[in-house]
Amino acid sequence: MLFEGLDLQLCAGEMLQVAGPNGSGKTSLLRLLCGLMQPTSGEILLQGVALTRQRDELARRMLWIGHAAGIKGLLTAEENLAWLCALHRPASLEDIRAALAAVGLRGFEDVPCHTLSAGQQRRVALARLHLDPPPLWILDEPFTALDKQGVAELERHLADHCEAGGLVVLTTHHSLAHLPAGYRELDLGQRRA
Amino acid sequence: MSNVFTLLLVREARLLFRRPAELANPLVFFAVVIALFPLAVGPESQQLRNLSPGLLWVAALLAVLLSLDGLFRSDFEDGSLEQWVVSPHPLSLLVLAKVVAHWLFSGLALVLLSPLLALMLGLPAHCVPVLLVSLLLGTPVLSLLGAVGAALTVGLKRGGLLLALLILPLYIPVLILGTGALQASLQGLPAAGQLLWMASLTALAVTLAPFAIAAGLKISIGE
């Protein structure tokens with residue numbers, strides 16, 4: 001049993017930071033929330049109805065960026081984003097260029113992603129947060145490999161999203177400097193002890 | 001929804017053409033295996049000719065299997081599959097596009113290469129149309145069934161051998177029908193019966209396999 005007795009309710013405008021030591025189940029909790037894994041016991045409700053019964057509803061409202069973010073090294077930043085957006089809501093080329101500029105990747109649109117650094121690849125994935133994203137964001141270690149400025153920009157972007165009525169669930173070991181009004185922390189390590 | 005299907009085809013085509021070695025490997029394997037038999041069995045034309053239906057089909061079957069081992073691996077490792085699962089589109093449609101793209105660029109090439117290798121084994125020219133049609137109908141079945149195995153073994157570090165053990169028994173009907181059609185045509189008999197059976201297998205695989213592949217991937221991802 002990874003965790004038990006976990007009771008949690010999240011509303012629009014909130015940001016939940018899931019913390020805890022390595023192996024405490026942060027990623028598993030996130031994967032349960034986005035329906036990639038099924039809980040062995042207990043249930044997850046979306047607006048009062050079991051998650052398993054409304055996969056489409058969840059898919060339309062949620063954006064998931066995992067530790068491996070689905071960026072193909074052989075495709076360019078632009079091609080990667082065009083495909084990832086097409087899976088949810090197709091985006092125009094101008095929007096994609098604007099999103100890449102917003103994450104500081106202007107001039108890297110046509111470069112195959114395997115030639116980019118880890119931080120730049122992370123920025124490509126995070127550019128999706130600038131492309132007309134759905135309200136619920138579930139992000140696993142979004143700050144990995146980002147530089148100081150990138151971290152600050154992302155923190156601000158996440159806080160803005162929450163204050164505009166969005167909902168963010170994320171895992172990170174780093175303590176956030178820019179907190180929105182609806183910030184909460186869940187420490188899976190402390191609960192076990 | 002069909003738009004996503006086309007976009008995925010284009011994406012897969014781009015990926016395959018940026019890694020041409022992976023396209024060439026199964027073809028070279030197919031050609032080399034066929035070229036080994038005259039060396040091993042002896043160049044007597046009558047013997048090779050009688051063996052050729054079986055040789056061609058077994059070599060094609062192994063070449064398809066070889067190419068399928070990595071079908072979902074890179075998408076699994078870089079998180080692309082997770083994005084497919086959480087998208088509003090049915091996973092079965094997306095994996096069908098993936099397998100179709102894979103077949104278009106490796107299975108179809110194998111079919112087109114086969115007449116050359118068949119003539120090398122001394123298969124009479126009047127059998128070549130039957131060979132082409134049987135492979136054209138049979139290789140999609142091989143790709144789809146193999147993709148079910150690839151989906152189930154994608155999370156394993158060395159899934160290659162397990163994939164072969166899982167999938168080869170399922171290839172038996174295709175092998176029997178394919179070689180049967182070719183044997184019949186070699187003896188001057190009509191091959192339409194076997195080919196129609198094969199076509200029904202193709203229709204069955206195209207309709208049902210995508211669901212099995214999607215279920216296999218969800219199991220692999222959910223672990």
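This report describes the fold of chain B in a predicted model.

Residues are numbered from 1 along each chain as its sequence is written, and chains are lettered from A and ligands numbered from 1 in the order in which they are written. Local features need pLDDT of at least 70, side-chain atom pairs count only at pLDDT 80 or more, and totals for chains, interfaces and linings use all residues.

The mean pLDDT of chain B is 91, with 99% of its residues at 70 or more; pLDDT is the predictor's confidence in each residue, from 0 to 100. For the complex, the predictor gives an ipTM of 0.89 and a pTM of 0.90.

Chain B has 10 helices and zero strands. Helices (H or I, at least four residues) and strands (E, at least two) are DSSP runs, numbered from the N terminus. Chain B has a radius of gyration of 18 Å, close to the 17 Å that the globule rule gives for 223 residues, so it is as compact as a globular protein of that length. The radius is taken over C-alpha atoms, and the rule is 2.2 Å times the number of residues to the power 0.38. Along the principal axes, the C-alpha atoms of chain B fill a box of roughly 55 × 35 × 30 Å.

The UniProt record (unreviewed entry) places the feature "transmembrane region" at several stretches of chain B, including residues 54-72 and 130-154. UniProt positions use the numbering used here, feature names are shortened, and annotations may be inferred rather than shown by experiment.
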